[in-house]
Amino acid sequence: MKAFKAMIAAATVLATGSAYATDLEVTHWWTSGGEAAAVAEFAKAFDATGNKWVDGAIAGSGGTARPIMISRITGGDPMGATQFNHGRQAEELVQAGLMRDLTDLATKEGWKDIIKPSSLLDSCTLDGKIYCVPVNIHSQQWLWLSNAAFEKAGVAVPKNWDEYVATAPALEKAGIIPLAIGQQPWQTTLAFQVILVALAGPDAYKTVFGDHDATFAAGPEMTKVFDAADKARAMSAKSNAQEWNQATGMVISGQAAGQIMGDWAQGEFQVAGQVAGKDYTCLPGLGVNEVIQTGGDAFYFPLLKDAEKSKAQEALASAMISKETQVAFNLKKGSLPVRGDVDLNAANDCMKKGLDILAKGAIIQAPDQLMSADSLNQVNDLFVEFFKNPALTPADAQKRFVDLVAAAD
Ligand code: GAL
């Protein structure tokens, strides 16, 4: 037994260049069934480097977790690594010099050649330095439909948004909630901007969320979008879910017919043993404008004084972007890999649809990549009110939205 232990210790030294496994606390907000299954792949890959993943899951949504992560870093109690979305969420932490520069590692490992689309690495880059490792591409541009719900209502599974809206009366008659939406603030904005892209088109979305063009936001194109959002509001009036995965659970059980949600919902269908195409149908871009939003997740590393932990941070970043971990993690997460050189032959029908759209280059950036966190939070609050309060007319909501777009940065 002693010889075996000596061999393990030697292997650990070889693997990590140090005699002891270094603990690294990693914070994230992945607590649903599918998310937990996926993040376990990261933990496994990191532990295989001879270090130790200390899980710092924070329950609730990103909107709950991020203020906790930020206050720990600014308050002098940093974790070893933390999740943020692609985009500008960690911008102020980086500007304050609190985050680790990964440029040397990125250069050594050729991330600029590996990561596709390169805009993902651009979202990690500030003043020419790289501060995060992108780990997936999550598109919000999906509608998930329960095949069983439409069968029970005696109607065909819709192929696009208009057909879906037209099934609402039959669904309600069968006691099925047409559209499930959770009440966390980011979920109603997600539904709105997915409808925007589908009905007004990707260019209209970029003009509003990217260029912050208030004149366009006030125009007739956007009035049509607010009218469609009003229909979505009526279809989801009986949806009492709070967390996004509770709403997904309603579609999995057939209690609700559909959910507009990012493709992380796939992790929940997988954990429930449901098969894409057989048990559920996915419509990218609501079956109208098939685009993939290059949102998703990246990991950032607070600047630490501890040399061993700093070395372990590099081992973690390297493990996260490695080919085998990219496949293992993304298949469980329902997201697409950030590398163009991995073979996802195990991908299901919906992931394959996403990969095809990505390969065509039909991509748009996520709101997190286009608006500051503060501006987006204000937009989120408006749509929480809009979906909760039928007295707020589409016209009045559009007027308030125009003011937020005009003031957005
Ligand atoms: C997003 C994140 C996804 C997913 C989702 C729901 O911000 O990019 O990975 O987990 O939150 O928690």
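Is Ser 61 buried or exposed? In this predicted model, Ser 61 is buried, because its relative accessible area is 6% and a residue counts as buried under 20%.

## The surroundings of Ser 61

Ser 61 sits in the loop that runs between strand S2 (52–57) and H3. When its neighbours within four places in sequence are left aside, Ser 61 is in contact with Trp 29, Gln 184 and Trp 186.

## Two domains

The domain assignment of the chain gives domain 1 (23–138 + 296–358) and domain 2 (142–290 + 371–407), and the centres of domain 1 and domain 2, taken over C-alpha atoms, are separated by 27 Å. To the contact between them, domain 1 gives 21 residues and domain 2 gives 22 residues.

The largest nonpolar core holds 130 residues, and Trp 111, Ile 260 and Phe 401 are the ones that touch the most other members. Helix H11 gives the most to this core, with nine residues. Because domain 1 (23–138 + 296–358) and domain 2 (142–290 + 371–407) both give residues to this core, it lies between them. As for Phe 401, leaving aside its neighbours within four places in sequence, this residue is in contact with Phe 192, Val 208, Phe 209, Ala 217, Met 222, Phe 226, Val 379, Leu 382 and Phe 383.

## The largest pocket

The largest pocket has a volume of about 970 Å³ and is lined by 48 residues, among which Gly 63, Arg 66, Asn 85, Gln 89 and Asp 368 lie nearest its centre. Two or more residues of this lining come from each of helix H3 (62–74), strand S3 (81–85), helix H4 (91–95), helix H11 (185–200), helix H15 (244–253), helix H20 (367–370) and helix H21 (373–388). The largest share, six residues, is given by H21.

Sorted by kind, the residues of the lining of the largest pocket are 16 nonpolar, 20 polar and 12 charged. Both domains take part in the lining of the largest pocket, since at least three residues are drawn from each of domain 1 (23–138 + 296–358) and domain 2 (142–290 + 371–407).

Pro 117 itself lies in the loop between helix H6 (111–114) and helix H7 (119–122).

## Positive phi angles

Most residues other than glycine have a negative phi, and most peptide bonds are trans. Against that background, Asp 127 has a positive phi of about 50° although it is not a glycine, and Leu 286, also a residue other than glycine, has a positive phi near 55°.

Asp 127 lies in the loop between strand S4 (125–126) and strand S5 (129–130), and Leu 286 lies in the loop between strand S10 (280–284) and strand S11 (292–293). Their exposure can be set side by side: Asp 127 is exposed, with a relative accessible area of 78%, whereas Leu 286 counts as buried, at 0% relative accessibility.

## Helix H18

In helix H18 (residues 323–333), the buried residues are Thr 325, Gln 326, Val 327, Phe 329, Asn 330 and Lys 333. What covers these buried residues includes helix H2 (33–47), helix H16 (265–271), strand S12 (297–300), helix H17 (307–321) and H19. After H18 comes Gly 334, whose phi is positive, near 80°.

## Ala 408, after helix H22

Ala 408 lies in the segment after helix H22 (394–407). Ala 408 is buried, because its relative accessible area is 13% and the cut-off for a buried residue is under 20%. Leaving aside its neighbours within four places in sequence, Ala 408 is in contact with His 212, Met 371 and Ser 375. The C-alpha atoms of Ala 408 and Gln 266, which are 142 residues apart along the chain, are separated by 32 Å.

Note on methods: Residues numbered from 1 in each chain as written. Predicted model: local features only at pLDDT ≥ 70, side-chain atom pairs only at ≥ 80, totals over all residues. Heavy atoms only, no water. 1 Å grid on protein atoms, 1.4 Å probe; cavity = no way out; pocket = protein on both sides within 12 Å on 5 of 7 lines; lining within 4 Å. Points joined across faces, edges and corners; volume = space filled by probe spheres on them. Helix = DSSP H or I, 4+ residues; strand = E, 2+ residues; numbered from the N terminus. Nonpolar A, V, L, I, M, F, W, Y, C, P; charged D, E, K, R; others polar. Domains from an automatic or database assignment. Core = buried A, V, L, I, M, F, W, Y, C linked by side-chain atoms within 4.5 Å. Buried < 20%, exposed > 50% of the residue type's maximum accessible area, 1.4 Å probe, protein only. Contact = heavy atoms within 4.5 Å.
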